[in-house]
Amino acid sequence: MYCYSNSKPKFAILIMAHCQFDILRKLLIMLDNERNDIYIHIDKKSKFNQKEFEGICNKSHVVFIERMNVYWGHSTMVECELKLLEAALDSGTHYSYFHLLSGQDLQIKKNEEIFQFFDDNPNKQFIALRNVYSGINGLNRYYFFLPIRYYNKYISRGLDIISEFIQRKLKINRLKSIDYQLCKCQQWFSITYDCAKYVISQREFIERFIKFTCCSDEMFLGTVIVNSPFKDQIYHPYRSLIGHMRLIDRERPEGASPHTMTMDDWNIIVKSPCFWSRKFDINKDEKVINIVFETWRE
């Protein structure tokens with residue numbers, strides 16, 4: 001049975017954060033509602049005072065899960081997502097949807113509009129499918145040195161280049177014997193309770209799939225879902241930039257990161273049909289953060 005708030009199903013908000021905690025504070029205030037329970041992971045490498053965040057939410061139940069070190073492009077990204085899902089599933093609450101956000105996201109719609117949309121679409125999986133071929137290089141070779149990127153990305157990349165060269169010479173190809181469809185999607189998602197349970201049930205497969213894989217956070221969920229009974233529930237079953245209902249501009253990337261939203265993007269933000277947007281950066285444009293916050297806060 002669902003756990004209801006005022007006779008309506010609840011949502012689990014899963015947040016991965018590692019910096020710019022003033023944005024996280026604003027995001028929590030925007031999310032604060034009886035229908036939202038919030039599960040937060042703070043990167044263990046980050047300086048963070050949890051006591052400063054106690055009492056921010058008066059309506060939502062907030063849980064900080066055990067911290068771990070998370071590295072860009074590494075399997076620890078996936079492990080963190082799985083731990084957030086497990087924390088919410090183990091709570092005993094039958095959430096209608098599980099929404100994964102980052103600590104540099106902000107909400108760009110009112111809660112009631114978001115609730116109404118997901119109430120009207122109770123059995124859909126919201127993931128943003130992408131071209132799988134752009135992710136193949138991260139799968140067909142072993143990447144042993146990804147954690148080193150946190151300390152020195154140049155040494156890490158150099159070691160990976162040497163490793164890739166050796167593996168090619170040895171004709172190593174991790175994909176030569178797979179019997180399932182590969183599917184790449186953006187990391188962020190909104191999935192149903194049953195789908196979340198299914199994903200966790202596939203943990204053993206996921207752990208094998210992501211081991212020594214580059215950017216596995218963009219490959220594991222899409223691959224699991226398209227090879228499951230939930231494939232037909234994907235909201236946008238073909239490549240879609242907003243299949244997850246998030247405004248993320250990858251048409252103007254900043255290195256490996258998406259475009260950072262500024263006041264120049266205000267009209268795009270206002271007109272977007274999406275519910276959340278990323279990423280925001282206080283050091284680049286604090287004004288847009290404050291205006292988004294004041295426009296759509298509870």
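**An open sheet and the helices packed on it**

In this predicted model, 5 strands line up as an open sheet in the order 5-4-3-6-10, and their pairing is mixed. The edges belong to strand 5 (61-64) and strand 10 (190-192); each has just a single partner strand, so one side of each goes without a neighbour in the sheet. Neighbouring strands here are turned by 20° against each other on average, direction ignored. Looking at one pair up close, strand 6 (residues 97-102) and strand 10 run antiparallel and are joined by 3 bridges. Within that pair, His99 sits opposite Ser190 of strand 10.

Next come the helices that pack on this sheet. Helix 1 (residues 21-31) touches strand 3 (11-17), strand 4 (36-42) and strand 6, and its direction makes about 175° with that of strand 3. Helix 2 also packs on the sheet, touching strand 3, strand 4, strand 6 and strand 10. For helix 2, the angle with the direction of strand 3 is about 150°.

Helix 2 (residues 75-89) has a helix partner too: its axis and that of helix 6 (residues 193-201) come within 10 Å and cross at roughly 125°. An angle over 145° would count as roughly antiparallel and one from 65 to 115° as roughly perpendicular, so helix 2 and helix 6 are oblique to each other. The crossing of helix 2 past helix 6 is left-handed. On the helix 2 side, Leu82, Leu85, Glu86 and Leu89 make the contact, meeting Tyr193, Ala196, Lys197, Val199 and Ile200 of helix 6. Sorted by class, this contact has 7 nonpolar and 2 charged residues, with no polar ones.

Conventions. Residues numbered from 1 in each chain as written. Predicted model: local features only at pLDDT ≥ 70, side-chain atom pairs only at ≥ 80, totals over all residues. Heavy atoms only, no water. Axes fitted to C-alpha atoms, helices over the stretch in contact; angles between N-to-C directions. Helix = DSSP H or I, 4+ residues; strand = E, 2+ residues; numbered from the N terminus. Parallel < 35°, antiparallel > 145°, perpendicular 65-115°, else oblique. Left-handed = near helix turned anticlockwise from the far one by under 90°. Contact = heavy atoms within 4.5 Å. Nonpolar A, V, L, I, M, F, W, Y, C, P; charged D, E, K, R; others polar. Pairing = 2+ DSSP bridges.
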